[in-house]
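Hello,

Here is the structure I promised to pass on. Please look it over, then read my notes below.

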Amino acid sequence: MSSPIKDARERVRAAKAIAVLTGAGVSAESGIPTFRSNGGYWQKYRFEDLATPQAFARDPKFVWQWYEERRRAIAVARPNAGHEALVAIERRAPRFTLITQNVDGLHDLAGSQNTIKLHGDIWIVRCLKCGREQVDRSELTDLPPKCACGGMLRPGVVWFGEMLPEGAMERAAAAVKASDILIVAGTSAQVYPAAGLIPLAIANGSAVIEVNPDATDFSDDVAFALHGPSAEILPQLL
Ligand code: NAD
Ligand code: ZN
């Protein structure tokens, strides 16, 4: 008898080009809270106060300290079986692109190679004055540190209302259009333009495999809606 997991696994095995879209849920089992689920950040805070350029301009210390708190949680987190399964899928697939909304760097740590970070990276800081970006894993400060030019450094992540890194969405869309399957794991699919990659895949005839404990707005439209935590389900696609 066929089962959705088994059928999805066959599709992954046969695929010539695989695209993957991940969200905060793939890091949940590494101990990093998501934004929208129960216990997520947006139940404790208002995003307008934390994740907008206006919030940082108004109160850089408050916003910086929240990022420091997140960086501290992320620094001790390890990739989980879901991140690792995606590395194994990448090794076997002729063509593979991982598109992530996560800023935690756990896909890098697991060993993913061909990755597009749509929303930046929490370990990068960018100067408000000269625009220079640098990796910053330094120990924690209460105030945003200063660039060599004297400008204030901000987290290198994409805030609400901001543009995505140049070319990132174009490269992601091209990978999705060229894919035979799109695996969508751990995203509420509510943040655009990233979520738009799912209908793009469907319109291009790519089979979408969704991995999420909960249903999303796209669950009824995808080829496979696999309900469960990604650290359990993604390894079963191997
Ligand atoms: P989200 O918080 O909106 O949604 C998380 C989704 O993950 C939900 O649909 C939830 O049902 C699902 N989920 C929860 N536990 C899961 C598990 N064990 N396995 C699989 N799925 C699980 O997150 P989002 O869709 O990524 O969008 C929010 C934005 O938040 C993104 O822009 C991202 O940049 C940012 N963010 C990043 C991190 C991170 O880097 N780890 C953490 C929180 C938020
Ligand atoms: Zn500078």
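How many Å separate an oxygen atom of ligand 1 from an N or O atom in the side chain of Ser 188? The distance is 2.6 Å. The side chains of His 119 and Thr 187 each have an N or O atom 2.6 Å from an oxygen atom of ligand 1. The protein covers 93% of the 850 Å² of accessible area that ligand 1 has on its own (Shrake-Rupley method, 1.4 Å probe). In total, 26 residues surround ligand 1 (a heavy atom within 4 Å). Gln 101 and Asp 104 are among the closest.

Some background. This is a predicted model: local features need pLDDT of at least 70, side-chain atom pairs need 80 or more, and totals for chains, interfaces and linings use all residues. Residues are numbered from 1 along each chain as written, chains are lettered from A and ligands numbered from 1 in written order, and side-chain values use heavy atoms, without hydrogens and water.

Now the domains. Domain 1 is 1-32 + 79-119 + 164-238, and domain 2 is 33-76 + 121-157; the bounds come from an automatic or database assignment. Their C-alpha centres are 26 Å apart. The area buried between them is about 950 Å² (accessible area, 1.4 Å probe, lost on being put together, summed over both parts). Carbon and sulfur atoms give 62% of that. On the domain 1 side, Ile 32, Val 103 and Asp 104 lose the most area, together 50% of what that side buries.

One salt bridge crosses the interface (a side-chain nitrogen of Lys or Arg within 4 Å of a carboxyl oxygen of Asp or Glu). Lys 117 and Asp 121 also meet in a salt bridge, at 2.9 Å, N to O.

Best wishes

Methods: Buried area = accessible area lost by both parts, 1.4 Å probe. Polar contact = N/O pair within 3.5 Å; in protein donor to acceptor, adjacent residues only side chain to side chain.
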